[in-house]
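Here are a few exercises to work through with the model open beside you. Try each task before reading its solution.

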Amino acid sequence: MNRYLRTAVVLSTITLLAACTQESQNKIGRSIQNWTGTDGIIEIYAGEKLVKRFMKIDKLSTAAGTTAGTDRPYRFGYGFMDANLNGTVDSGEKKVYFEFSDYSTSYVFFENPG
């Protein structure tokens, strides 16, 4: 009986996910990723020069308008500011909130390969 119950739950989950819209599937995927966590890094550039780096970011979020129903033109997150740009989180470097514009900020966001 336990085997049949597990099979029924798996099939029900697959059916529900297939019936979801793409946006709903994306939200589910993001919530799973946020729960499992990632080790993201964002680097902010001024021209060709690296000027800020934030490390150990679990996610970047797009700001959503509360009444307009559209996304706002900036993203935000929490991460450790790598003040000396040495690629490691040193003692004294604290976790901070940050925002940046999608329109005018040159940035690269990636998962820590190390």
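**Exercise 1.** In which sense do strand E1 (residues 40-46) and strand E2 (residues 49-57) pair, and over how many bridges?

*Solution.* A word on the model comes before the steps. The model is predicted, so local features need pLDDT of at least 70 and side-chain atom pairs count only at pLDDT 80 or more, while totals for chains, interfaces and linings use all residues. Residues are numbered from 1 along each chain as its sequence is written, and side-chain values use heavy atoms, leaving out hydrogens and water.

Step 1: Strands (E, at least two residues) and helices (H or I, at least four) are DSSP runs, numbered from the N terminus. Two strands pair if DSSP finds at least two bridges between them.
Step 2: E1 and E2 run antiparallel to one another, with 7 bridges.
Step 3: Within this pairing, Tyr45 faces Leu50 of E2.
Step 4: The hairpin has 2 residues between its strands, and Gly47 adopts a positive phi near 70° there.

**Exercise 2.** Which residue in E4 stands opposite Met55?

*Solution.*
Step 1: E2 also pairs with E4, in the antiparallel sense and over 2 bridges.
Step 2: The residue opposite Met55 is Phe80 in E4.

**Exercise 3.** Is Lys94 buried or exposed?

*Solution.*
Step 1: Locate Lys94 in the loop that links strand E4 (71-81) to strand E5 (95-101).
Step 2: Apply the cut-offs: buried is under 20% relative accessible area, exposed is over 50%, and partly exposed lies in between (1.4 Å probe, protein chains only).
Step 3: At a relative accessible area of 62%, Lys94 is exposed.
Step 4: Contact means heavy atoms within 4.5 Å. Setting aside neighbours within four places in sequence, Lys94 touches Gly79, Phe80 and Met81.
Step 5: Between the C-alpha atoms of Lys94 and Gly79 there are 8.1 Å, although these residues are 15 apart along the chain.

**Exercise 4.** Which backbone oxygen lies 3.1 Å from a polar atom of the side chain of Thr105?

*Solution.*
Step 1: Thr105 sits in the loop between E5 and strand E6 (106-111).
Step 2: The oxygen belongs to Ser101.
Step 3: Beyond neighbours within four places in sequence, Thr105 is in contact with Ile44 and Phe100.

**Exercise 5.** What pattern does the protein chain follow along the sequence?

*Solution.*
Step 1: Count the elements: 2 helices and 6 strands.
Step 2: Their order is α-α-β-β-β-β-β-β.
Step 3: Of the 114 residues in the protein chain, 19% are buried.

Notes:
Polar contact = N/O pair within 3.5 Å; in protein donor to acceptor, adjacent residues only side chain to side chain.
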